[in-house]
Amino acid sequence: MSEDAVKAMKQQVGIAAAQRVQSGSIVGLGTGSTTAFAIEHLGDRLKSGDLKDIKGIPTSFQASVLAKKYGIPLVTLDDVEKIDIAIDGADEVDPNKVLIKGGGAAHTREKIVDSLADVFIVVVDSTKLVETLGSTFPLPVEVLPVAVSPVTRALEALGGKPELRMGVKKDGPVITDQGNMILDVTFGSIPNPAEFEKTLNNIPGVLDNGLFVGLADVVLVGEIKEGQPIVREL
Ligand SMILES: O=C(CO)[C@H](O)[C@H](O)COP(=O)(O)O
């Protein structure tokens, strides 16, 4: 599939999710290129007056920068008791709406925000749909820098092949918004994600992993049909 086609699907699905936000809502703002289209569209709706009085809770510096660019007022988790709706992308989605996230190294904060939302909408293009999790994308695990070596060994003992994520246009490892590091772990497949999510998070030094189990309420999928981007619900 061409880059332009993937971008068109991401844009369409981002816009579709932003259309579901109602005035007065507290909105969790996810991270990534698909959510960026949703944030932009929320800004457009605020500007046109179609949407009023929303407040965003960003899941990363990226989301916060985009929200400011598009005029979305921001609040923190200390300011609100609940989040009405969260919109976030994913790297893999299985038929049970279980996700792998963390391609943007933001999954720890994303899980906090997405799990607090009354409605969590996942926005993906059709290339993200898989039968078995872990088959196309390694599982990101956020790790305290001092624990990278022991956590690497623990992940290997669980059958994974961990690789320290390295920066692009930066020498050395990727440092997350929280000051930690990311191990991208290839498992080949993850047949029991609910149990595995807990097993991984029990390793001392692991902050959180990219498995999102039982959190997604709605998955919107961007597809190309007869040459045009369309959106359907999984
Ligand atoms: O989990 C994420 C960031 O940590 C992203 O939502 C995920 O990587 C999808 O990104 P994109 O929309 O750019 O494909």
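**Close-up views of the predicted model**

Figure 1. Because 29 C-beta neighbours lie inside 10 Å, and 20 or more are needed, T59 counts as buried. When residues up to four places away in sequence are set aside, T59 touches G28, L29, G30 and T31, together with D88, A106, R109, E110 and V113. The C-alpha atoms of T59 and A86 are separated by 9.9 Å, although these two residues are 27 residues apart along the chain.

**Figure 2. E110, a residue of helix α4 that carries an annotation.** E110 lies in helix α4. The annotation "active site" for E110 comes from an unreviewed UniProt entry, and such annotations may be inferred rather than shown by experiment. E110 is buried, since 32 other C-beta atoms are present within 10 Å. Its contacts, not counting residues up to four places away in sequence, are with G30, T31, T59, D88 and K101.

**Figure 3. Burial of helix α4.** In α4, 7 of the 9 residues are buried, so this helix is largely enclosed by the rest of the structure. The buried residues are H107, T108, R109, E110, K111, V113 and D114.

**Figure 4. The shell of residues around the ligand.** By class, the shell consists of 10 polar, 4 charged and 3 nonpolar residues. Two helices, α2 (33–48) and α4 (107–115), each supply at least two residues of this shell.

**Figure 5. The largest nonpolar core, with A17 as one of its members.** This core contains 59 residues, and those that touch the most other members are A17, I39, I87, V122, V123, V141 and L220. At least three residues of the core are drawn from each of domain 1 (3–130 + 214–233) and domain 2 (139–207). Apart from its neighbours within four places in sequence, A17 is in contact with A38, I87, I121, V123 and L220.

How values were computed
Residues numbered from 1 in each chain as written. Predicted model: local features only at pLDDT ≥ 70, side-chain atom pairs only at ≥ 80, totals over all residues. Near = placed C-beta within 6 Å. Helix = DSSP H or I, 4+ residues; strand = E, 2+ residues; numbered from the N terminus. Nonpolar A, V, L, I, M, F, W, Y, C, P; charged D, E, K, R; others polar. Buried ≥ 20, exposed ≤ 12 C-beta atoms within 10 Å, placed from the backbone. Core = buried A, V, L, I, M, F, W, Y, C linked by C-beta atoms within 7 Å. Domains from an automatic or database assignment. Contact = placed C-beta atoms within 7 Å.
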